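Please open the structure in your viewer and keep the sequence panel at hand. We will go from stop to stop, with something to select at each one.

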Amino acid sequence: MPRDGQITKQNILDAAEKAVLERGFAGTSVDEILERASISRGTFFYHFPTKDDLARALIHRHAATDREMVERFMERAERLARDPLQQVLVFIGLYIEVLEEMEDLAPGCLFASFSYEAGLFDEETKAMIQEAVDHWRDRVGTKLQRAIERHPPRIAVNGETLADLAYSVFEGAMIMARVRKDPRIMAEHLSQYRNYLELAFGVVEGAEVSGGD
């Protein structure tokens with residue numbers, strides 16, 4: 001596809017994503033996307049023959065962005081620390097840094113939005129969402145499980161549950177930030193999650209942990 005076609009396609013996806021996060025997928029009409037993207041109906045259907053095609057493209061792009069950030073932050077954490085627990089704490093800290101720098105409210109999460117309307121989407125779209133969430137659980141949960149094995153925590157926990165909890169904190173904090181109209185809430189809630197990990201593992205001044213080798 002010509003380069004200008006890719007620009008147009010991304011413009012459509014940008015407009016559609018904003019509309020979906022504001023109104024939901026069912027509440028977003030093609031006409032609204034046309035108006036937001038300043039394109040013709042023919043141009044829209046050239047790129048997305050059906051609304052299902054649009055849904056898949058939105059989720060594919062969102063998942064790719066999400067995966068790229070997870071991998072980038074995890075690789076950086078692995079360069080900065082050798083211990084799996086410290087790697088997770090650094091990993092979470094990198095997200096906190098990004099959130100602390102945000103001056104505007106986060107637009108929202110397409111995974112959450114689509115999950116609320118799961119009945120509208122085909123199995124391929126649902127599978128992409130599942131795969132993206134599983135990727136987070138695998139990368140973060142595996143690291144946390146290694147931390148548990150190396151530094152037995154003070155309470156009964158497992159890596160997958162702790163990874164899922166982090167994801168839930170992200171989603172819940174995003175909702176609270178939008179309701180309260182305060183972007184600082186996201187960083188504050190994620191900081192509390194990091195505090196929880198430190199307490200669970202007995203971290204002292206961000207370095208020492210109980211039950212070490």
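Start by selecting S113, which sits in helix α6, residues 110-116. This is a predicted model, so take each value on the tour as computed from predicted coordinates. Is S113 buried or exposed? Its relative accessibility is 11%, and since buried means under 20%, S113 counts as buried. Now show what lies around S113: leaving aside neighbours within four places in sequence, its contacts are V20, L21 and G24.

**From S113 to G24**

G24 counts as buried, with a relative accessibility of 11%. Not counting residues up to four places away in sequence, G24 touches A19, S113 and E117.

**Zoom out to the whole chain**

Switch to a cartoon view and colour by secondary structure. What do you find along the sequence? The pattern reads α-α-α-α-α-α-α-α-α, with nine helices and zero strands. Along the principal axes, the C-alpha atoms fill a box of roughly 65 × 35 × 35 Å. Of the 213 residues in the chain, 46% are buried. Among contacts with a separation of 6 or more, 70% are between residues 24 or more positions apart.

The accessible surface comes to about 11700 Å², and carbon and sulfur atoms account for 50% of it. If you colour by charge, you will be looking at 26 positive and 37 negative charges, whose mean positions are 2 Å apart.

**A nonpolar patch**

With the surface still on, select Y116, I175 and V179. Together they form a nonpolar patch on the surface, with about 350 Å² of accessible area. Pick out V179 from this group: it is found in helix α8, residues 159-180. V179 has a relative accessible area of 57%, and because exposed means over 50%, V179 is exposed.

**Two residues with positive phi**

Move along to K181, in the loop between α8 and α9 (184-201). Its phi is near 55 degrees, a positive value in a residue other than glycine.

Now select S38, in the loop between α2 and α3 (41-47). What is the phi of S38? It is near 55 degrees, again positive in a residue other than glycine. S38 is exposed, with a relative accessible area of 65%.

**Salt bridges**

Side chains of opposite charge can pair when their charged atoms come close. How many salt bridges does the count come to? It comes to 18, and a few are picked out below.

- Select D31 and R41. Their side chains meet in a salt bridge, 2.2 Å from N to O. The pair links distant parts of the chain, with D31 in helix α2 and R41 in helix α3, ten residues apart. D31 is partly exposed at 46% relative accessible area, and R41 is partly exposed at 42%.
- Select D122 and R56. This salt bridge is 2.3 Å, N to O. D122 counts as partly exposed at 22% relative accessibility, whereas R56 counts as buried at 19%.
- E124 is partly exposed, at 47% relative accessibility.

Methods:
Residues numbered from 1 in each chain as written. Predicted model: local features only at pLDDT ≥ 70, side-chain atom pairs only at ≥ 80, totals over all residues. Heavy atoms only, no water. Buried < 20%, exposed > 50% of the residue type's maximum accessible area, 1.4 Å probe, protein only. Contact = heavy atoms within 4.5 Å. Helix = DSSP H or I, 4+ residues; strand = E, 2+ residues; numbered from the N terminus. Areas by Shrake-Rupley, 256 points an atom, 1.4 Å probe, with all protein chains shown as cover. Lys, Arg positive; Asp, Glu negative; His and termini not counted. Charge placed at Lys NZ, Arg CZ, Asp CG, Glu CD. Patch = residues over 30% accessible without salt bridge, like charges linked within 9 Å, V, L, I, M, F, W, Y side chains within 5 Å. Salt bridge = Lys/Arg side-chain N within 4 Å of Asp/Glu carboxyl O.
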